[in-house]
Amino acid sequence: QVQLVESGGGLVQAGGSLSLSCAASGSIFRVNAMGWYRQAPGKQRELVAAITSGGSTTYADSVKGRFTVSRDNARNTVYLQMNSLKPEDTAVYYCKVSIVRGILEYDYWGQGTQVTVSS
């Protein structure tokens, strides 16, 4: 079994900063891509940022220059540093981790954490 535990999030004023973390534990052979998605009310879940095992990153255009994704491979943990937050960043943020168990790769999702940015 694999568990993902998210932490961080909360309420912040526009222009402020928040950080999220997501730690994977359990039966893990290897962690491949790790990333963050978000879902605002009435909207589809969207990719925010992702990072490969080699450290290559991808960002949604809406967060480029403001958010930074990073990972600690020794701790199987992915982070999201969010700066210059805007009200439109308000959403539930989910981490997604691709984990190799045996010879197969599986995607796991965190429980979600609320980020609210007030104007």
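User: How do you know how far apart the mean positions of the positive and negative charges of the chain are?
Analyst: Lys and Arg count as positive and Asp and Glu as negative, with His and the chain ends left out; each charge is placed at NZ of Lys, CZ of Arg, CG of Asp or CD of Glu. The mean positions of the 11 positive and 8 negative charges are 2 Å apart. This is a predicted model, where local features need pLDDT of at least 70, side-chain atom pairs count only at pLDDT 80 or more, and totals for chains, interfaces and linings use all residues. Residues are numbered from 1 along each chain as its sequence is written, and side-chain values use heavy atoms, without hydrogens and water.

User: Why is the link of Cys22 and Cys95 called a disulfide?
Analyst: A disulfide is a pair of cysteine sulfur atoms within 2.5 Å, and here S to S is 2.0 Å, so the pair qualifies. The link is right-handed, with 45° about the S-S bond.

User: What makes Cys22 and Cys95 buried or exposed?
Analyst: Good one! Buried means under 20% relative accessible area and exposed over 50%, with partly exposed in between (1.4 Å probe, protein chains only). Both Cys22 and Cys95 are buried. Across the chain, buried residues make up 41% of the 119 residues.
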